[in-house]
Amino acid sequence: MKSFIEAILFSARSHSGQHRKDGHTPYINHPLEVMQLVSSATGDGDILIAAVLHDVVEDTPVTGNEIAERFGPRIARIVIELTDDKFLPKEERKRQQLLTSGQLSKEARLIRICDKICNVHDILYAPPRDWPVSRRKDYLEWANAVVNKIRGTHEELEKRFDELYREGVKFLDK
């Protein structure tokens, strides 16, 4: 329990001052929502901790080594698996994520699906301020392609993603 609370606080401090792309939602809401979705699929504390930390290496100055030192090698491995290389252009990062999603561990695939559910929900209901409908549709299609690469991970979460995806297609095609 102590490590779990420490991970939440570590994530909150690491993402301090950051906001979601809608411009006002505190960023910490995202890893907390991902963690909550993951908790519906597993009670494995390491996976829940990795879920709340899944963006800290990608989006803050925190390193994978720091995660390993504080939370152990398993959690660090999962977080690193989910970390995009920010030195690559955005389109290449998206391409790499699509190419490598099928190679993720089961733990990382579970978090990836939950991350996509949360992101698609936000794209539909708390969209980035400057994203036109066409960009939102592109994200929706890309997220669907990523989830398709990791199907068989968790049927209930995949069903939840599919429902949200269909809702998004209808919503954005209006």
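With a relative accessibility of 2%, I75 counts as buried, where buried means under 20% relative accessible area, exposed over 50% and partly exposed in between (1.4 Å probe, protein chains only). This is a predicted model, in which local features need pLDDT of at least 70 and side-chain atom pairs count only at pLDDT 80 or more, while totals for chains, interfaces and linings use all residues. Residues are numbered from 1 along each chain as its sequence is written, and side-chain values use heavy atoms, with hydrogens and water left out.

- I75 belongs to helix α6, residues 73-81; helices (H or I, at least four residues) are DSSP runs numbered from the N terminus.
- Beyond its neighbours within four places in sequence, I75 is in contact with D46, I49, A50, L53 and I67, contact being heavy atoms within 4.5 Å.
- Between the C-alpha atoms of I75 and I47 there are 7.0 Å, although the two residues stand 28 residues apart along the chain.
- I75 is also one of the residues with the most contacts inside the largest nonpolar core, alongside V38, L53, I67, F71, I111 and V120; this core has 47 residues.
- Helix α8 (residues 106-125) gives the most to this core, with 10 residues.
- A nonpolar core here is a set of buried Ala, Val, Leu, Ile, Met, Phe, Trp, Tyr and Cys residues joined through side-chain atoms within 4.5 Å.
- I111 touches V34, V38, I47, A50, A51, H54, I78 and L82, again leaving out residues up to four places away in sequence.

**Cysteines**

- The whole structure holds 0 disulfides, a disulfide being a pair of cysteine sulfur atoms within 2.5 Å.
- For C114, the closest cysteine sulfur is that of C118, and at 6.9 Å it is too far for a bond.
- C114 is buried, with a relative accessible area of 0%, and C118 counts as buried at 6%.

**The largest pocket**

- The largest pocket holds about 1000 Å³ of space, a volume being the space filled by probe spheres set on grid points joined across faces, edges and corners.
- On a 1 Å grid over the protein atoms alone, a pocket is an open set of points where a 1.4 Å probe fits, with protein on both sides within 12 Å along at least five of seven lines; lining residues have an atom within 4 Å of a point.
- Its lining has 43 residues, and R20, K21, D115, N119 and Y139 lie nearest the centre of the pocket.
- The lining divides into 13 nonpolar, 10 polar and 20 charged residues, with Ala, Val, Leu, Ile, Met, Phe, Trp, Tyr, Cys and Pro counted as nonpolar, Asp, Glu, Lys and Arg as charged, and the others, Gly among them, as polar.
- Helix α8 gives the most to this lining, with 10 residues; helices that each supply at least two include α2 (29-39), α9 (133-149) and α10 (155-172).

**Two residues with more accessible area**

- R77 lies in helix α6 and is partly exposed, with a relative accessible area of 35%.
- Outside its sequence neighbours up to four places away, R77 touches S105 and E107.
- G152 sits in the loop between α9 and α10 and counts as exposed at 61% relative accessibility.
- G152 touches K106 and E158, not counting residues up to four places away in sequence.
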